[in-house]
Amino acid sequence: MREPFEKLVEQHAGTVLRVCRVMLGSHDAEDAWSETFLAALRGYPDLPDTANTEAWLVTIARRKAIDVLRARKRQPAPVEEVPEAPTALGIPGGDDADLWHAVAGLPDKQRQAVAYHYVAGLPYAEIAGILGGSTDAARRAAADGIKNLRKSYQGATTEGAPS
């Protein structure tokens with residue numbers, strides 16, 4: 001016989017809140033805690049009787065905390081002064097045609113690792129999952145890509161420079 005969900009909340013509320021606080025800090029932890037138990041309430045009827053409920057709740061809490069962190073990254077960053085005109089910085093076809101040409105010339109894994117980490121801000125562990133390899137291999141591909149960009153892009157910017 002499965003225990004009531006309320007009993008589960010009483011037993012593991014502190015552990016779930018601590019996990020949320022470690023990952024998010026105290027400001028967003030309570031929201032993630034609430035989201036964790038809402039998701040758990042939906043999935044509790046399908047949970048096998050032999051399941052480790054504490055581990056199950058901690059896994060849900062971790063995922064909810066990751067959702068909060070991802071949402072936080074999509075929030076606009078406050079600035080002191082809004083620029084008068086839009087910038088072409090970072091836009092393909094903008095003023096940095098040589099840079100985008102150098103990026104396009106990188107090997108596939110290096111180009112993807114550089115884009116995922118430096119443009120999209122993904123951690124190496126997620127990049128490894130996308131590219132299919134280890135975290136160290138993703139880190140190495142990004143480092144090699146940046147090294148190759150420095151060589152090829154600096155070469156392009158210094159070729160036409162007066163001596």
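Guide: Start with the largest nonpolar core, which has 19 residues. Trp56 and Leu57 have the most contacts inside this core. A nonpolar core here is a set of buried Ala, Val, Leu, Ile, Met, Phe, Trp, Tyr and Cys residues joined through side-chain atoms within 4.5 Å. Buried means under 20% relative accessible area, exposed over 50%, and partly exposed in between, with a 1.4 Å probe and protein chains only.

Helix H1 (5–24), helix H2 (26–43) and helix H3 (53–73) each give two or more residues to this core. H1 gives the most, with seven residues. Helices (H or I, at least four residues) and strands (E, at least two) are DSSP runs, numbered from the N terminus.

A word on the source: this is a predicted model, where local features need pLDDT of at least 70, side-chain atom pairs count only at pLDDT 80 or more, and totals for chains, interfaces and linings use all residues. Residues are numbered from 1 along each chain as its sequence is written, and side-chain values use heavy atoms, with hydrogens and water left out.

Now look at tryptophan 56. Leaving aside neighbours within four places in sequence, tryptophan 56 is in contact (heavy atoms within 4.5 Å) with Leu8, Ala40, Gly43, Tyr44 and Leu47.

Go back to helix H3, where threonine 53 lies. Threonine 53 counts as buried because its relative accessibility is 17%. With neighbours within four places in sequence left aside, threonine 53 touches Leu8, His12 and Leu47.

Next, a pair of helices. Helix H5 (residues 108–119) and helix H6 (residues 124–131) pack at an angle of about 140°, their axes 10 Å apart. Axes are lines fitted to C-alpha atoms, for helices over the stretch in contact, and angles run from 0 to 180 degrees between N-to-C directions. H5 and H6 are therefore oblique to each other. Angles under 35 degrees count as roughly parallel, over 145 as roughly antiparallel, 65 to 115 as roughly perpendicular and the rest as oblique.

On the H5 side, the contact is made by Lys109, Gln112, Ala113, Tyr116, His117 and Tyr118. H6 brings Tyr124, Ile127, Ile130 and Leu131.

Finally, step back. The protein has seven helices and zero strands. Of its 163 residues, 25% count as buried. Among contacts between residues at least 6 apart in sequence, 57% join residues at least 24 apart.
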